[in-house]
Structures are given as structure tokens and as C-alpha cells.
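Here is a short tour of one protein chain, written to be read with the model open beside you. Please have a look at the fold first, and then we can walk through it together.

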Amino acid sequence: MRSDRIIQPKTNDPYHKARKDSEGAYCPECHALYRQGRWVWDRKGGKLLEPRVCSACRRARDRFPAGEVLVTGSYFKSHRSEIENLISNVVGEENGRSPLKRVIDFDSQEGALRVSLTDDHLARHIGDALYKAYRGKLEVRRSGGDKFVRLYWHRDA
Ligand SMILES: [Zn+2]
């Protein structure tokens, strides 16, 4: 037995297995293609070699996000659709570049917005965009050895 097989991984994230995906694999759920070491959108319809559900689809199915953005404060109440649009635009842009960056849940209520995501970097991009556009208070919390990141953005008035 190889020694690296008995070492407990620092993360218990079962979705962080990109290296196991093999060249030419495709996701039967979202039709992304694994090519040159990463998942990409396949616009031409390439050779479909090996069906393998990508991590974003698995996360969405299991409702197991890699990142989360929480928006609170009275500024959100008065600028709700504007803020929602900003977030949607960031997601759309990032998703165009990578199939693994997606929204799992977009839960917008009157006083707060919670967006759960398939990708921790996407959470950061959203946080950065909110701060850049509206300032306010941005706080990032990572949990333990996990990749999971939770972002809090808050602004009053
Ligand atoms: Zn997929």
C-alpha cells in the first residue's frame, strides 16, 4: 500500500477531486467537458469519451456548497434588485469561463440575501464586486482545513 493512501486528508470535501477526472470526460448533466486539466464548456460538441458527473453538478444535487455569500443591512432592502443583478452578472461572467462556478441556491428575502455556490472563488468574486460597487463591510470566514468560504457583506443606509 502506498503511504499516501493511509494519511487522512485535511479536507473532508469529497468534491475536491479534480485530478481524478480524466481527459475527455464529459458531464452528462451539464455537458461540460474535461479538457487539458480543467472543466470547460464544450460549445462544439467534442468527442464524448467517459461520462462523469462534474463536481458542480454533484454539489448542486447534494446541496453541498463550497461557498456562501450573505448580504444583510438596510441598504439591501432599498437596493435589492440592483444588488441581485450585480450578483447575477458576476455569476454569469464567471460561469461563462468555468462550468464549475454556479449558484446552488439564491434565497432572497426582504431583509437578507443568501447565495450558496459551487465554488469558493466565486463567493470571493461576488464579495469583491459588492464591496467595489457599494463599499459597506465585507467579512470572509473560512472554516478549518476546509475549502468552504463564507462571506458576509453588510451595509446600512
Ligand atoms: Zn456537470
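What follows goes from the overall layout to the sheet, then to the helices and the cores.

**Overall layout**

Please keep in mind that this is a predicted model. The chain holds four helices and nine strands, and along the sequence they come in the pattern β-β-β-β-α-β-α-α-β-β-α-β-β. Of its 157 residues, 27% count as buried. Among contacts with a separation of 6 or more, 65% are between residues 24 or more positions apart.

**The five-stranded sheet**

In what order do the five strands of the open sheet lie? The order is E6-E7-E5-E9-E8, and the pairing is mixed. E6 (103-108) and E8 are the edge strands, each pairing on one side only. From one strand to the next, the twist averages 10 degrees.

| Strand paired with E9 | Sense | Bridges | A bridge partner pair |
|---|---|---|---|
| E5 (residues 67-72) | parallel | six | glycine 67 and valine 149 |
| E8 (residues 137-142) | antiparallel | six | arginine 141 and arginine 150 |

A further pair to find on screen is valine 71, which stands opposite tryptophan 153 in E9. In a regular strand, side chains alternate between the two faces of the sheet. Which residues of E9 lie on its covered face, and which on its uncovered face? Val149, Leu151 and Trp153 make up the covered face, while Arg150, Tyr152 and His154 make up the uncovered one.

**Helices H3 and H4**

Two packed helices are described by the angle between their axes and the distance between those axes. H3 and H4 pack at an angle of about 135 degrees, and their axes are 10 Å apart. That angle lies between the limits of 115 and 145 degrees, so H3 is oblique to H4. The crossing in which H3 passes H4 is right-handed. On the H3 side, the residues that meet H4 are Leu86, Ile87, Val90, Val91 and Glu94. Their counterparts in H4 are Leu122, His125, Ile126, Ala129, Leu130 and Ala133.

In soluble globular proteins, nonpolar side chains tend to be buried together. Here the largest nonpolar core has 17 residues, and Val69, Val115, Leu117, Ala123 and Ile126 touch the most other members. Which elements supply at least two residues each to this core? They are E5, helix H3 (80-97), strand E7 (112-117), helix H4 (120-134) and E9. H4 gives the most, with four residues.

Leaving aside residues up to four places away in sequence, leucine 117 touches Pro65, Ala66, Gly67, Glu68, Arg102, Val103, Ile104, Leu122 and Ala123.

E9 pairs with E5 in the parallel sense and with E8 in the antiparallel sense.

Definitions and conventions. Residues numbered from 1 in each chain as written. Predicted model: local features only at pLDDT ≥ 70, side-chain atom pairs only at ≥ 80, totals over all residues. Buried ≥ 20, exposed ≤ 12 C-beta atoms within 10 Å, placed from the backbone. Pairing = 2+ DSSP bridges. Contact = placed C-beta atoms within 7 Å. Core = buried A, V, L, I, M, F, W, Y, C linked by C-beta atoms within 7 Å. Axes fitted to C-alpha atoms, helices over the stretch in contact; angles between N-to-C directions. Parallel < 35°, antiparallel > 145°, perpendicular 65-115°, else oblique. Left-handed = near helix turned anticlockwise from the far one by under 90°.
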